[in-house]
Amino acid sequence: MWVQKLVGRSLNQVKTINAAQFCRQISARIVNKTNVEVQPQKNEKSLTFPGVWLRDNCLCEDCFHGSSKSRKLDWDNFDTRIQPVEVKTDEAAKEISVKWSDNHVSRFSLNWLKNRSFEEERQKEYLQEFYRPTTRHWSGSEFQEIARHFKYDEVMTQDSVLMEWLQSLAVYGVALLRGAPLDEGVVRRLAERVGFIRRTTYGEEFVVQAKPGAQNFAYLSLPLPLHTDLPYYEYKPSVNILHCVVQTDSPGGSNMLVDGFHIADILRREHPEDFERLSRVLVDWNDIGSEDGREFHNIWRAPVICLDSEGRYSRVNHSVPQRDSHFNVPLSEVLPWYESYARFVRLAIADSHAFKTQPGDVLTFNNIRLLHGRAGYDDSEVSPRYIVGAYLDWDIIYSRLRVLKKRAERQ
Ligand code: OGA
Ligand code: ZN
Ligand code: ZN
């Protein structure tokens with residue numbers, strides 16, 4: 001009986017909600033002569049949109065080219081003092097229309113407006129999930145928890161797995177694929193599943209093995225201390241793909257990984273002077289040599305810890321073999337910089353996590369953020385080591401990730 005009553009009451013509530021939905025009203029008004037305030041639904045929070053921004057983003061055929069999703073408004077004559085003079089709502093089409101002081105009329109759907117709300121929460125969600133996923137920094141001891149594994153075949157055939165791999169790479173800066181075939185085409189097929197290979201001085205795909213007369217320090221069987229690849233490029237390749245085709249049976253050949261952003265966090269917190277120096281002093285990074293008969297002399301000057309205008313890490317640079325002997329800083333900066341750099345390197349070594357990839361493993365990691373290295377090994381005919389590598393760029397990866405996310409949301 002009591003239960004029935006309750007059900008009866010909730011049915012009434014449903015009816016009231018339906019009625020409310022039926023007569024819900026979009027409301028819109030002009031505020032301060034320049035802004036448009038929209039309330040998508042009664043009892044919902046109002047959203048404020050600057051008039052100048054609305055006019056700039058008019059979606060009519062004169063102002064916007066639909067198939068290229070591009071603004072074609074005549075910006076040479078754009079009036080930033082434009083004002084809305086009348087706003088109307090269209091309940092059936094779920095739109096508002098705005099008449100402007102120049103008599104132009106624009107229409108905006110509620111969904112379009114809500115998606116572009118200037119509310120802090122909405123902007124945060126857009127920036128931290130859709131623009132670029134927020135990075136999570138980790139210490140070496142957390143490696144097992146944060147490093148995700150994916151099956152190569154599933155990455156190649158299932159969009160949802162491709163998306164998870166790229167999302168892990170974006171958030172943690174590392175992910176491992178397993179079960180790849182042992183042919184030299186794997187890195188290209190993977191890169192092309194995402195977009196396309198980033199070419200460098202060393203070609204598109206490159207083979208890391210001990211080579212006589214090596215032109216690159218990596219092409220020796222010596223230990224390869226922690227580093228980032230190609231710090232001497234202004235546009236440093238973003239993500240390394242290292243496919244293990246043959247792994248040495250000798251005790252060496254393991255890889256080391258460190259989250260450079262985590263090391264920067266430690267310095268920032270515990271050694272602010274070192275952090276300040278390493279994020280300010282420009283270091284000359286270089287690579288001189290020749291590849292396929294073509295000479296090169298690469299130089300890029302940048303700090304070890306690069307920050308963006310909001311103080312966030314934009315890139316970490318470190319490579320002892322590829323740090324130039326030219327050091328274009330005032331004399332007084334030299335020794336203090338060395339002290340700070342030595343601390344950075346010590347902290348990184350102490351935090352590094354080592355593991356040995358097996359044939360069929362593909363190690364992928366963010367070269368802008370992580371430091372990586374390789375233990376030395378005994379290379380011989382009976383115990384060779386053969387790694388095929390390639391790079392991808394973040395522009396291409398993020399784009400693919402957004403396309404996959406949009407598609408998954410539509411389903
Ligand atoms: C490199 C490198 C890793 C490896 O060639 O720059 O980091 O496992 N190689 O050999
Ligand atoms: Zn227009
Ligand atoms: Zn490397």
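## Close-up views of the predicted model

**Strand β20 and its two partners.** Val174 stands opposite Phe365 in β20. This pair belongs to the contact between strand β10 (residues 174-178) and β20, which run antiparallel and are joined by 4 bridges. Strand β13 (residues 239-246) also pairs with β20 in the antiparallel sense, over 5 bridges, and here Leu242 stands opposite Leu363. Two strands count as paired if DSSP finds at least two bridges between them; helices (H or I, at least four residues) and strands (E, at least two) are DSSP runs, numbered from the N terminus. The model is a predicted one, in which local features need pLDDT of at least 70 and side-chain atom pairs count only at pLDDT 80 or more, while totals for chains, interfaces and linings use all residues; side-chain values use heavy atoms, with hydrogens and water left out. Residues are numbered from 1 along each chain as its sequence is written, with chains lettered from A and ligands numbered from 1 in the order in which they are written.

**The cover of strand β20.** Val362, Thr364 and Asn366 point one way from the strand. Leu363 and Phe365 point the other way, and the residues of both groups are buried.

**The open sheet of 4 strands.** The strands of this sheet follow the order β12-β21-β14-β19, with antiparallel pairing. At the edges lie β12 (224-227) and β19 (353-355), each of which pairs on one side only. On average, neighbouring strands are turned by 15° against each other, direction ignored; axes are lines fitted to C-alpha atoms, for helices over the stretch in contact, and angles run from 0 to 180 degrees between N-to-C directions. Within the sheet, 5 bridges join strand β14 (residues 255-259) to strand β21 (residues 370-374), and these two run antiparallel. Asn255 stands opposite Arg374 in β21.

**The zinc site.** Three residues coordinate the zinc ion (ligand 3): His227 (NE2), Asp229 (OD) and His372 (NE2), at 2.1 Å. Donors are N, O and S atoms within 2.8 Å of the metal (3.2 Å for Na, K and Ca), and sites may look incomplete because water is not among the atoms. Along the sequence, the donor residues have the spacing H-x1-D-x142-H. Both His227 and Asp229 are buried.

**Two asparagines in loops.** Asn32 lies in the loop between β1 (27-31) and β2 (35-39). Its phi is near 50°, a positive value in a residue other than glycine. Asn32 counts as exposed, at 67% relative accessibility. The next loop shown, between β2 and β3 (47-50), holds Asn43. Asn43 has a positive phi of about 65° although it is not a glycine, and its relative accessible area of 81% makes it exposed.

**Ser117 and Gln123.** Ser117 is found in the loop between α3 (110-115) and α4 (120-131). With a relative accessible area of 6%, Ser117 is buried. When its neighbours within four places in sequence are left aside, Ser117 is in contact with Leu47, Phe49, Arg122 and Gln123. Gln123 lies in helix α4 and is partly exposed, with a relative accessible area of 35%. On the same terms, leaving aside neighbours within four places in sequence, Gln123 touches Ser117 and Phe118.

**The protein chain as the setting of these views.** The chain contains 12 helices and 22 strands. Its radius of gyration is 28 Å, well over the 22 Å that the globule rule gives for 411 residues, so the chain is more spread out than a compact globule; the radius is taken over C-alpha atoms, and the rule is 2.2 Å times the number of residues to the power 0.38. Taken along the principal axes, the C-alpha atoms fill a box of roughly 80 × 65 × 45 Å. Buried residues make up 45% of the 411 residues. Among contacts between residues at least 6 apart in sequence, 72% join residues at least 24 apart.

Terms used
Buried means under 20% relative accessible area, exposed over 50%, partly exposed in between (1.4 Å probe, protein chains only). Contact means heavy atoms within 4.5 Å.
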